[in-house]
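This report goes through a two-chain model part by part. The sequence and structure come first, and the description follows.

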Amino acid sequence: MSFKSAVITFPGSNCDRDALTYLKDLTHGEVFNIWHEESSLPNVDLVILPGGFSFGDYLRSGAMASKSNIIHDVIDHANNGRYLLGICNGFQILTEIGLLKGALIQNKSIKFLGKDCYIKKKFDNKFNCNIKDTEVLQIPVAHNEGNFYCDQETLSYLQNEELIAFEYCRGEGSIDDGNINGSLDNIAGITNKNRNILGMMPHPERAYQDFHVSKDGKKIIESILS
Amino acid sequence: MRIKILIRLKSQILEPQGKVIEQSLKSLGFEEFSNIRQGKLIEIDLPDSLNEKERSEKIDVACKRLLVNEIIEEYEVLG
């Protein structure tokens with residue numbers, strides 16, 4: 001049976017088209033683009049909440065989008081154990097919904113970060129199972145609020161339950177000085193307890209084509225399909 | 001009735017904009033200004049027909065459901 005997926009578009013999403021081609025090119029299955037006002041999702045294996053500035057980042061990044069009509073069905077989709085991937089603004093939306101722990105606050109430097117960054121896998125899950133522990137991925141980031149924050153109790157929970165999927169690092173793989181935005185524990189991506197929801201700040205959909213700086217972003221989809 | 005809700009980042013969270021404002025004020029000669037933090041103010045009209053309890057309950061629900069992210073923020077109703 002072929003793999004089906006969907007990308008949700010909110011007003012202000014700007015990586016939805018990239019996410020659609022990313023899914024079409026790598027899954028070779030049917031891909032739906034769903035407007036946030038829709039009340040139901042098609043029956044799909046994976047939903048992506050894409051990057052961008054949904055609702056102009058008003059109030060807090062992802063706050064308005066987390067109350068969109070389609071979100072009820074996105075929550076049902078995830079509660080049924082299917083895959084949900086939030087990239088950048090999508091990660092912010094997932095924390096605002098409460099499907100993922102913590103919050104993304106302003107980068108420590110107060111600078112918008114638009115550049116390549118390096119990440120590596122921390123704990124194994126279905127989104128990164130094809131990536132070796134020592135492998136360093138080069139994937140772009142583009143965010144102003146990517147600084148992952150949670151209280152100490154939540155951080156211990158994420159560590160003890162092994163829910164940290166990716167951490168920022170340097171090109172050669174060392175963690176020291178690899179933290180680009182002030183995130184606690186160098187966190188670049190986390191999952192929920194069931195490990196079927198991943199939120200990550202870097203953009204894998206901007207790292208898979210010949211003209212991209214790397215093709216490391218393919219490994220997320222390849223892991224899911226494996 | 002006009003309601004004002006003050007929302008601030010929790011004190012243990014670094015508020016980088018406040019730091020920059022502080023540096024800028026110091027450069028203007030306000031050396032004694034310290035520990036500056038920036039927050040946000042939301043103003044809302046509510047009907048006078050609501051009593052204080054109803055008003056306060058409605059504001060609390062709105063804050064918890066949308067206006068405030070209690071993981072990182074705290075709020076205070078100013079009146």
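## A serine in a loop

The side chain of Ser13(A) has a polar atom 2.9 Å from the backbone nitrogen of Phe10(A), a polar contact (a pair of N or O atoms within 3.5 Å; within protein, one must be able to donate a hydrogen and the other to accept it, and residues adjacent in sequence count only if both atoms are side-chain atoms). This is a predicted model, in which local features need pLDDT of at least 70 and side-chain atom pairs count only at pLDDT 80 or more, while totals for chains, interfaces and linings use all residues. Residues are numbered from 1 along each chain as its sequence is written, chains are lettered from A and ligands numbered from 1 in the order in which they are written, and side-chain values use heavy atoms, with hydrogens and water left out.

Ser13(A) sits in the loop that links strand 1 and helix 1 of chain A; helices (H or I, at least four residues) and strands (E, at least two) are DSSP runs, numbered from the N terminus. With a relative accessible area of 13%, Ser13(A) is buried (buried means under 20% relative accessible area, exposed over 50%, partly exposed in between, with a 1.4 Å probe and protein chains only). Leaving aside residues up to four places away in sequence, Ser13(A) touches Ile8(A), Pro50(A), Gly51(A), Gly52(A), Phe53(A) and Ser54(A), where contact means heavy atoms within 4.5 Å.

## The sheet and helices of chain A

Chain A has an open sheet of 9 strands in the order 2-1-3-4-11-10-9-6-7, with mixed pairing; two strands pair if DSSP finds at least two bridges between them. Strand 2 (31-35) and strand 7 (136-143) of chain A are the edges: each has a single partner strand, so one side of each lacks a neighbour in the sheet. On average, neighbouring strands of this sheet are turned by 25° against each other, direction ignored. Helix 1 (residues 16-27) of chain A packs on the sheet and touches strand 1 (5-9), strand 2 and strand 3 (46-49) of chain A.

In helix 3 (residues 89-97) of chain A, 8 of the 9 residues are buried. Those buried residues pack against strand 3, strand 4 (83-87), strand 5 (103-105), strand 8 (147-149), strand 10 (187-191) and strand 11 (197-200) of chain A. Just after helix 3 of chain A comes Gly98(A), with a positive phi of about 100°.

## Strand pairs

| Pair | Bridges |
|---|---|
| Strand 6 (residues 113-121) and strand 7 of chain A | 8 bridges |
| Strand 1 (residues 2-9) and strand 2 (residues 40-45) of chain B | 6 bridges |
| Strand 1 and strand 3 (residues 73-77) of chain B | 5 bridges |

Lys120(A) stands opposite Val136(A) in strand 7 of chain A. In chain B, Lys4(B) has Glu43(B) of strand 2 as its bridge partner, and Leu6(B) has Glu76(B) of strand 3.

## Where the chains meet

Chain B brings 16 residues into contact with 14 residues of chain A. The area buried between them is about 1,300 Å², with 67% from carbon and sulfur atoms; buried area is the accessible area (1.4 Å probe) that two parts lose on being put together, summed over both. Pro16(B), Leu66(B) and Ile71(B) supply 36% of the area that chain B buries against chain A, more than any other three residues.

Glu73(B) and Arg60(A) form a salt bridge, with their closest N and O atoms 3.6 Å apart (a side-chain nitrogen of Lys or Arg within 4 Å of a carboxyl oxygen of Asp or Glu).

Methods:
Axes are lines fitted to C-alpha atoms, for helices over the stretch in contact, and angles run from 0 to 180 degrees between N-to-C directions.
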